[in-house]
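Colleague: Before I use this model, I want to know what stands behind each label attached to it. Show me the structure and I will ask about the labels one at a time.

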Amino acid sequence: MSMLNALVPSGVITGDDVLTLFEDARSKGYAIPAVNCTSSSTCNAVMEAARKAKSPIIIQVSNGGGAFMCGKGIKDPNSAAAGSVALAMHVRSVAKFYGIPVILHSDHCAKNLLPWFDGMLAADEDFYNKYGEPLFGSHMLDLSEEPDDENISICVEYFKRMAPMKIWLEMEIGITGGEEDGVNNEHVDPEKLYTSPEQVWAVYEALSKVGDMFSVAAAFGNVHGVYKPGNVKLSPERLGKHQEYAKKMLNVSIPKPIFLVMHGGSGSTDEEIMTAVKNGVVKMNIDTDTQWAYWDGLRQFEKSNRDFLQGQIGNPNGADKPNKKYYDPRVWIRKAEEAMIARVMVSCDKLGCTGHYEPTVDEPAYSQLGTPKKMPSPVLLMAAGALVGSAATMMFKVVGK
């Protein structure tokens, strides 16, 4: 059993366990994939991949992903927050059975999406008041399009609200180019795609006065979406300059004092990824590649079984032969999951986190909402539904005030 098993429990982790995990990644030179999920199916695929890779994992939800989880037919302005809470509750209900550590995280939140952020924090506070830990372990604020002073000051105010619950804050300074999930930076000034050491230090200096549970997504030419290697100029070596500058300002011996995050990694070369990790990246976002993998699994299944998917009855084996075993969603969705599982495992390998955690299931009974400090174990599944309702009620009051 690896040393990490003795440091971090399996299931959804929060607070000090999140900090311990990121410290382990930084000290041992690996990073953890953070995979955008939009459904219970994709969440399960990610956790299964982590179990097979013997790796910790991060499941993250975007504003659009949360809205999709709630239901595209719901037009309520709070749907993204409600769906994000529902996704988090699903993961908490089943994560323990996968036997690996899972961090629940929310992805890019621009200034216009702050009501979504407020809704999730309301759910965190409700969960914390009941069980002694927040619903999510980590949230991201992406105010990189705002002036640096405004970006940092807003992050500080939210961090003050998050710190008592020991929720990790990820913030972005410098802009990730391209387009993803409604955030479009395709025409941004190229200079803004590269963050300076002074900018990163300004973030560290401000946030460290509040707490130590934060990371910085510093831009080094990153672009969302997929592209051919060489079409985008990544400079991951710049991250080392940020660390050197912070080390000098802090006058400490630790070589990488800042927790860094890599966005827009689709299409990056293995060398670029490992350079980023070497320079203190402990988390890398994965979205575009796993979206393609999920679709490609379904595409391949349809291609191989097309003659059995043209009607409920009738196929090459006979005009009266049923096709249910082909069009049953549990069949073709599973093929999509299997392809996504394989791709997430590739990311685990590329980031060096494969083999760091021996999967273990300590309490394989009933549905468990992680390992909250005050929650009795085992917890009946109905508790999850009740909690979603109460958290959503509080969330709507906060968002709609």
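Colleague: What share of the contacts between residues at least 6 apart in sequence join residues at least 24 apart, and what counts as a contact?

Modeller: The share is 73%. Contact means heavy atoms within 4.5 Å. This is a predicted model, in which local features need pLDDT of at least 70 and side-chain atom pairs count only at pLDDT 80 or more, while totals for chains, interfaces and linings use all residues. Residues are numbered from 1 along each chain as its sequence is written, and side-chain values use heavy atoms, with hydrogens and water left out.

Colleague: How many helices and strands are there, and what makes a run count as one?

Modeller: There are 14 helices and 13 strands.

Colleague: Why is Asn323 called buried?

Modeller: Buried means under 20% relative accessible area, exposed over 50%, and partly exposed in between, with a 1.4 Å probe and protein chains only. Asn323 has 0%, so it is buried. By that criterion 56% of the 401 residues are buried. Asn323 sits in the loop between β13 (318-322) and α12 (324-327), and beyond four places in sequence its contacts include Phe308, Ile313 and Asn315.

Colleague: What makes the pairing of Asn323 with Asn315 a polar contact?

Modeller: A polar contact is a pair of N or O atoms within 3.5 Å; within protein, one must be able to donate a hydrogen and the other to accept it, and residues adjacent in sequence count only if both atoms are side-chain atoms. The two side chains are 2.6 Å apart.

Colleague: Which label does Lys256 get, and which does Pro197 get?

Modeller: Lys256 has a relative accessible area of 16%, so it is buried. Pro197 has 21%, and is therefore partly exposed. Lys256 is in the loop between α9 and β10 (260-262), where its side chain reaches the backbone oxygen of Lys278 at 3.5 Å. Pro197 belongs to helix α8 and touches Lys241, His242 and Tyr245, leaving out residues up to four places away.

Colleague: How do you know that the buried residues of α8 are on the same side?

Modeller: The buried residues of α8 (197-207) are Val200, Trp201, Val203, Tyr204 and Leu207. They cover an arc of only 155° around the axis, taken from the directions to the C-beta atoms, so they are on the same side of α8. An α-helix has 3.6 residues a turn, so residues three or four places apart point the same way. These buried residues pack against α7 (148-162), β6 (168-173), β9 (214-218) and α9 (237-250).

Technical notes: Helix = DSSP H or I, 4+ residues; strand = E, 2+ residues; numbered from the N terminus.
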